[in-house]
Amino acid sequence: EINEFRIARDHLVAAASFQKTALDRELLAQIYRRLGMVDFSEGAFASSKENYLKALDLAEGSSNTNLIGGVLLDLGTILIHGFPGENEESARYLERGIEYLERGGHKDYLALAYNNLGDNLWHSGSWDEAIENLHKAISVSRQFAKPSHEATGRITLAEVLLGRGLYERA
């Protein structure tokens with residue numbers, strides 16, 4: 001049986017070994033970020049978080065604001081899905097990620113970050129803030145022609161509105 005995640009992990013681990021000697025912190029951060037994505041896809045949330053934290057440690061101080069913002073987005077997202085009860089920490093990562101992504105101009109990640117923050121705030125009981133962030137996600141998606149991200153924002157917004165009993169607005 002072919003396991004694409006195992007193949008990806010093998011190549012990424014080999015790349016990380018090579019890059020450790022080359023001392024390219026930014027490239028190494030991208031490798032650990034991708035390892036985190038592989039682990040996330042396989043449901044290995046603790047390992048995913050560990051790889052994202054390594055990526056963040058390597059990326060911080062870099063001028064690549066999109067890389068830092070993307071890693072922060074990934075960290076916030078992994079906490080939502082793999083670590084129930086860590087909503088405050090997740091929100092802090094997502095908020096920091098949004099700051100970096102706004103500076104870096106990576107608008108499709110920015111739309112996802114607003115959506116994930118809205119989702120997090122909804123589950124934390126901060127309904128109005130959730131709705132505000134979901135409107136931002138939809139707005140960013142529309143500005144940059146990302147229909148799939150707009151759909152994600154609208155679906156999450158509808159769930160929040162339904163949860164509040166605002167059936168006509170949903």
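**View 1. The overall fold has eight helices and zero strands.** Helices (H or I, at least four residues) and strands (E, at least two) are DSSP runs, numbered from the N terminus. This is a predicted model, where local features need pLDDT of at least 70, side-chain atom pairs count only at pLDDT 80 or more, and totals for chains, interfaces and linings use all residues. Residues are numbered from 1 along each chain as its sequence is written, and side-chain values use heavy atoms, leaving out hydrogens and water. The C-alpha trace spans about 60 × 40 × 30 Å along its principal axes.

**View 2. Glu86 and Lys49 meet in a salt bridge.** Such a bridge puts a side-chain nitrogen of Lys or Arg within 4 Å of a carboxyl oxygen of Asp or Glu; here the N to O distance is 3.7 Å. The pair links distant parts of the chain, with Glu86 in the loop between helix H4 (65-82) and H5 and Lys49 in helix H3 (residues 45-59). Lys49 is buried at 17% relative accessible area, while Glu86 is partly exposed at 24%. Buried means under 20%, exposed over 50%, and partly exposed in between (1.4 Å probe, protein chains only).

**View 3. Glu60 pairs with Arg96 in a salt bridge.** Their closest N and O atoms are 2.6 Å apart. Glu60 sits in the loop between H3 and H4, and Arg96 in helix H5, 36 residues apart.

**View 4. Asp128 and Arg164 form another salt bridge, at 3.1 Å between the closest N and O atoms.** Asp128 lies in helix H7 and Arg164 in the segment after helix H8 (147-163), so the pair ties together parts 36 residues apart in sequence. Asp128 is exposed, at 55%.
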